[in-house]
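Please look over the structure shown below before reading on.

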Amino acid sequence: MEFRTIVDIQKPAFSIEPFEDIFFAGSCFANSIGRLFLADGFPAVVNPYGTMYNPASVLHTVSRWCAEETAAGRRRWPRVAFLTLGTNHVYRLKETGEIVDNCQKRPQSLFSEELLTIDECAGYLRQAIDMLREKNSSANVVLTVSPIRYRKYGYHESQLSKATLLLAIDKVLKSYSDAKTAYFPAYEIVQDELRDYRFYAADMLHPSEQAAAYIYQRLTEVYFSDAARHYLREWQPLKQALAHKPFNADSEEYKQFIAATHRKIEDIKEKYREVRGER
């Protein structure tokens with residue numbers, strides 16, 4: 001007997017490999033998942049200019065990051081990018097008419113609040129995807145909607161906002177026929193699989209660390225290659241070793257323990273470089 005509904009996750013046309021360079025931009029949910037990738041040794045870039053909630057601000061992040069990395073002479077661009085949307089609400093600076101990413105605690109009277117339409121959201125997403133693929137034609141982009149609810153808009157308005165984002169993503173997916181754009185159902189997993197307040201943080205709005213870990217687990221089951229899942233099994237004891245808090249961090253025994261752990265990490269990195277043919 002099954003007491004919950006399990007969300008089907010469509011397997012993408014690509015797989016995430018060990019030590020894959022991954023780019024994350026978007027809401028605080030992108031921060032949560034991105035940090036889990038970082039904790040597992042992936043060289044991820046996570047919201048380099050802060051948390052972004054709407055498609056226009058996500059585009060701003062992608063544009064600025066691509067420009068700065070190009071100027072810095074980046075040679076290897078991410079093959080996988082996650083763009084996570086939280087809301088279609090945007091704020092324009094009245095003086096210039098530009099959509100701002102952060103009001104920077106300036107008076108509310110300086111800004112006007114607007115709702116992006118489905119077409120506008122889709123347009124910003126397409127621009128962001130195209131920019132990433134200008135840098136790496138093989139870039140795979142995963143779109144997702146943050147499960148975090150926005151109390152300030154009212155819960156009904158929050159649902160309407162999520163619906164707009166979901167419809168915009170569906171429109172974007174239908175406009176790309178190369179199978180390099182995918183949707184990961186983080187929103188649906190929280191709504192349908194984890195529909196219990198024990199999976200929320202104390203504010204009852206943000207998913208808890210346990211919920212984020214579960215979503216990450218579901219993602220690894222479908223999006224990771226066999227080699228990446230095998231790597232995770234090898235990485236876990238080393239991750240636990242690095243997190244160990246010693247009684248005496250200055251002891252010679254602990255220094256040797258840490259040195260041995262780092263040697264094992266380098267050995268694993270070298271092993272999977274060979275798997276990926278990077279030697």
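The model is a predicted one.

Strands of a sheet pair through backbone hydrogen bonds, either parallel or antiparallel. Here strand 1 runs parallel to strand 3 and is joined to strand 3 by 5 bridges, with Ile 22 standing opposite Val 80 of strand 3. Strand 3 is in turn joined to strand 7 by 6 bridges, again in the parallel sense, and Phe 82 stands opposite Val 142 of strand 7. Strand 7 (residues 140-145) and strand 8 are a parallel pair with 3 bridges, where Val 141 faces Thr 181 of strand 8.

How many of the residues of strand 3 are buried? The count is 6 of the 6, so strand 3 is largely enclosed by the rest of the structure. In a regular strand the side chains alternate between the two faces of the sheet. In strand 3, Val 80, Phe 82 and Thr 84 point one way, while Ala 81, Leu 83 and Leu 85 point the other way, and all are buried.

Helices cover this sheet in places.

Two packed helices are described by the angle between their axes and the distance between the axes. For helix 3 (residues 118-135) and helix 4, the angle is about 50° and the axes are 8 Å apart. Angles under 35 degrees count as roughly parallel and 65 to 115 as roughly perpendicular, and the angle found here makes helix 3 oblique to helix 4. Helix 3 passes helix 4 in a right-handed crossing. On the side of helix 3, the contact is made by Ile 118, Asp 119, Cys 121, Ala 122, Leu 125, Arg 126 and Ile 129, and on the side of helix 4 by Thr 164, Leu 165, Leu 167, Ala 168, Ile 169, Lys 171, Val 172 and Ser 175. By class, the contact of helix 3 with helix 4 has 10 nonpolar, 2 polar and 3 charged residues.

A second pair of helices is formed by helix 5 (residues 186-193) and helix 6 (residues 209-223), whose axes come within 11 Å and cross at roughly 120°. That angle makes helix 5 oblique to helix 6, and the crossing is right-handed. Helix 5 contributes Ala 186, Ile 189, Val 190 and Glu 193 to the contact, and helix 6 contributes Tyr 214, Ile 215 and Arg 218. These residues divide into 5 nonpolar, no polar and 2 charged.

Helix 5 has 6 of its 8 residues buried, so it is largely enclosed by the rest of the structure. The buried residues are Ala 186, Tyr 187, Glu 188, Ile 189, Val 190 and Glu 193. They pack against helix 1, strand 7, helix 4, strand 8 and helix 6.

Some single residues complete the picture. Trp 65 lies in helix 2 (residues 55-71) and, at 3% relative accessibility, counts as buried. Leaving aside neighbours within four places in sequence, Trp 65 is in contact with Phe 23, Val 45, Pro 48, Tyr 49, Arg 74, Trp 77 and Pro 78. Between Trp 65 and Asn 47 there are 9.6 Å in space, C-alpha to C-alpha, and the two are 18 residues apart in sequence.

Asn 47 has its place in the loop between strand 2 and helix 2. Although Asn 47 is not a glycine, its phi is positive, about 40°. Asn 47 is buried, with a relative accessible area of 7%. Phe 19, in the segment before strand 1, likewise has a positive phi, near 60°, in a residue other than glycine. With a relative accessible area of 13%, Phe 19 is buried.

Key. Residues are numbered from 1 along each chain as its sequence is written. This is a predicted model: local features need pLDDT of at least 70, side-chain atom pairs count only at pLDDT 80 or more; totals for chains, interfaces and linings use all residues. Side-chain values use heavy atoms; hydrogens and water are left out. Axes are lines fitted to C-alpha atoms, for helices over the stretch in contact, and angles run from 0 to 180 degrees between N-to-C directions. Helices (H or I, at least four residues) and strands (E, at least two) are DSSP runs, numbered from the N terminus. Angles under 35 degrees count as roughly parallel, over 145 as roughly antiparallel, 65 to 115 as roughly perpendicular and the rest as oblique. A crossing is left-handed if the near helix is turned anticlockwise from the far one by less than a right angle, and right-handed if clockwise. Contact means heavy atoms within 4.5 Å. Ala, Val, Leu, Ile, Met, Phe, Trp, Tyr, Cys and Pro count as nonpolar, Asp, Glu, Lys and Arg as charged, and the others, Gly among them, as polar. Two strands pair if DSSP finds at least two bridges between them. Buried means under 20% relative accessible area, exposed over 50%, partly exposed in between (1.4 Å probe, protein chains only).
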